[in-house]
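Have a look at the sequence and the model first.

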Amino acid sequence: MMRSRVLALALAVGLVPAARALDWPTRPVRIVAPSTPGGAADLFGRLLADKLSQLLHQRFYVDNRAGGGGLIGANIVAHAEPDGYTFVTSSLAYHVIEPAASANPGFDPMRDATHIAYVGGPPNVFIVSPALGVHTLPELIARGRDKALDFVSPGNGTVGHLLVEAFAQKAGMKVQHIPHKGSAQAMLDLLAGNVLFGSMTYSSALGQIRAGKVIPVAVSSKARVAEYPDVPTLAESGYPDLVAITWYALTGPAGVPDEIVRKLNRAVAEVLELPDVRKRLDDDAIEREPMAPEQVTRFFAGEIARWGPIAKRFVKHGD
């Protein structure tokens, strides 16, 4: 009799976490955005928060914690309780580039995290001013081999910055980075003719591309962008390892219960297939790819291995 009671008690105790996970969420859920309102992490976070609130019948809200290149917000979540009520809009910048480049990031993006769902992001585009006199990627390479080219990006350590550095190494070009604080300032410099070459997300450059103010010569997506089918990808141009997306994902602290992880992963996948969400993402050429939590974790590890060494070499804090 005593043995049966002990066994029943053990089973009951073992079922408590699962029961809590099945009921989750029972109170508001915080999504930390390591950017100011209006930044990409904020916009992706609000998109998820709005739709997850409707889908899971509980309030999801965004908490903006900008600063430190995203490390402030990332650290808040890395050191939070893994109870399923604090997550972060993780990204290539906040969870790969900055931790690799920083002497003391404050957290390990693999050890101190539960990577839950991949959301997606836009590719980068190489754009040139008409004043440069080139219209194709081979022409840009030839110009950069002949003479060092200044180029603008949204900032030191951004994908736009590191992608050009990696590309220039492989193509034998000479380049000099002119960092800016955001895509808008970088674009203004291009439009003014102060710098004639730039790299930024396709979505941030699209307006000026459509207006004919800048010329796209290559995109970093896996496939060509539907709106500009004549613009080649870097991969098909001979640089297959330079497929690069300025991606965002959803991450929690290490130790989030598996049942919650899988429930949230399924919910995010459902959100990304909603017709209005699909249209919004397609309009900005945002690539998305369904991934199970294990695949998301492997994806993060692969991005760290790929971009970490580049970040250590080219990201200069204090710029």
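What volume does the second largest pocket have? It has a volume of about 230 Å³. A pocket here is an open set of points on a 1 Å grid over the protein atoms alone, with protein on both sides within 12 Å along at least five of seven lines, whereas a cavity is a set of points where a 1.4 Å probe fits but cannot get out; lining residues have an atom within 4 Å of a point. Points are joined across faces, edges and corners, and a volume is the space filled by probe spheres set on them.

Before going on, note that this is a predicted model, in which local features need pLDDT of at least 70 and side-chain atom pairs count only at pLDDT 80 or more, while totals for chains, interfaces and linings use all residues. Residues are numbered from 1 along each chain as its sequence is written, and side-chain values use heavy atoms, with hydrogens and water left out.

**Pockets and cavities**

| Space | Volume |
|---|---|
| Largest pocket | about 1,300 Å³ |
| Second largest pocket | about 230 Å³ |
| Largest cavity | about 40 Å³ |
| Second largest cavity | about 30 Å³ |

The largest pocket is lined by 45 residues, and Y94, P154, T158, G182 and Y248 are the ones nearest its centre. Its lining has 17 nonpolar, 22 polar and six charged residues. In this count, Ala, Val, Leu, Ile, Met, Phe, Trp, Tyr, Cys and Pro are nonpolar, Asp, Glu, Lys and Arg are charged, and the others, Gly among them, are polar.

Around the second largest pocket there are 14 lining residues, with V225, A226, D282, A285 and I286 nearest the centre. Two or more residues of this lining come from each of α8 and α10. Helices (H or I, at least four residues) and strands (E, at least two) are DSSP runs, numbered from the N terminus.

The largest cavity is lined by V125, Y202, I209, P216, V219, V225, Y228 and V231. Its lining has eight nonpolar residues, with no polar and no charged ones. The second largest cavity has seven nonpolar, three polar and one charged residue in its lining.

**A covered helix**

How many of the ten residues of helix α4 (residues 92-101) are buried? Nine of them are, where buried means under 20% relative accessible area, exposed over 50% and partly exposed in between (1.4 Å probe, protein chains only). Y94 and H95 are among the buried residues of α4.

L149 belongs to strand β6 (residues 149-153). With a relative accessible area of 9%, L149 is buried. Beyond its neighbours within four places in sequence, L149 has contacts (heavy atoms within 4.5 Å) with residues including L132, M173, V175 and F197.

**The whole protein**

The protein has eleven helices and ten strands, and 52% of its 319 residues are buried. The C-alpha atoms fill a box of roughly 85 × 40 × 35 Å along the principal axes.
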